[in-house]
Amino acid sequence: MNAIERILREFCNEVGIADADTVVSTSEIVVDGLTVAMLASDEEGDGLTLFAELGSPDESGREGAYRRLLEANFLWRGTGGGVLGIHPGTGTVGLCARIDLDGLDGKLLADIANRFITVAQYWQSALHAEAPVDGGGPPSMEMMHMLRG
């Protein structure tokens, strides 16, 4: 069992997912309709990337949505260390974050994933809003210490 598989199994145990085999084989979880991929970051296997596809902004609010995404990426102020981007082929927006495996276990991944999902859900809603959701900014992920550039 490699490190990522071990961490994913610990994660499943921590959050109460009974079918760890499926999570390990698909590298995905679904929370409230949001699919989050948990993938090896590179061939060396020393990182884990979280990724969620958030959809596309409404045509009428696209310019404002793109501006908010760019502002959120500036010094990671609205992403907690993750990165928002636009898929060049589809135009859909995604949120991703890379986590160093050093010191990562299932409990810490559960905490990071929970924060990542909260931020992803915020931006999924914000893509279709004319102004920031609930009049405020995105919640903090506070996981900068775990991310690598």
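Valine 83 has cysteine 96, in strand 5, as its bridge partner. The model described here is predicted, and local features are taken at pLDDT of at least 70, side-chain atom pairs only at pLDDT 80 or more, whereas totals for chains, interfaces and linings use all residues. Residues are numbered from 1 along each chain as its sequence is written, and side-chain values use heavy atoms, with hydrogens and water left out.

The protein contains 4 helices and 5 strands, where helices (H or I, at least four residues) and strands (E, at least two) are DSSP runs numbered from the N terminus. From the N terminus on, the order of elements is α-α-β-β-β-α-β-β-α. Of the 149 residues, 40% are buried; buried denotes under 20% relative accessible area, exposed over 50%, and partly exposed the range in between (1.4 Å probe, protein chains only). Among contacts with a separation of 6 or more, 61% involve residues 24 or more positions apart, contact being defined as heavy atoms within 4.5 Å.

Strand 5 (residues 93-100) is mostly covered, with 6 of its 8 residues buried. Strand 5 runs antiparallel to strand 3 (residues 47-55), to which 8 bridges join it; strands are said to pair if DSSP finds at least two bridges between them. Strand 4 also pairs with strand 5 in the antiparallel sense, over 4 bridges. The hairpin of strand 4 and strand 5 has 6 residues between the strands, and within this hairpin glycine 91 adopts a positive phi near 80 degrees.

Valine 93 belongs to strand 5 and is buried, at a relative accessible area of 1%. Its C-alpha lies 8.7 Å from that of alanine 52, a residue 41 positions away in sequence. Beyond neighbours within four places in sequence, the contacts of valine 93 include Ala52, Glu53, Leu54 and Gly55, together with Leu69, Leu84, Ile86 and Leu127.

On strand 3, threonine 49 has arginine 98 of strand 5 as its bridge partner. The side chain of threonine 49 also makes a polar contact of 2.7 Å with the side chain of serine 41. Such a contact is a pair of N or O atoms within 3.5 Å; within protein, one must be able to donate a hydrogen and the other to accept it, and residues adjacent in sequence count only if both atoms are side-chain atoms. With neighbours within four places in sequence set aside, threonine 49 is in contact with Ala37, Met38, Leu39, Ser41, Cys96, Ala97 and Arg98.

Most residues other than glycine have a negative phi.
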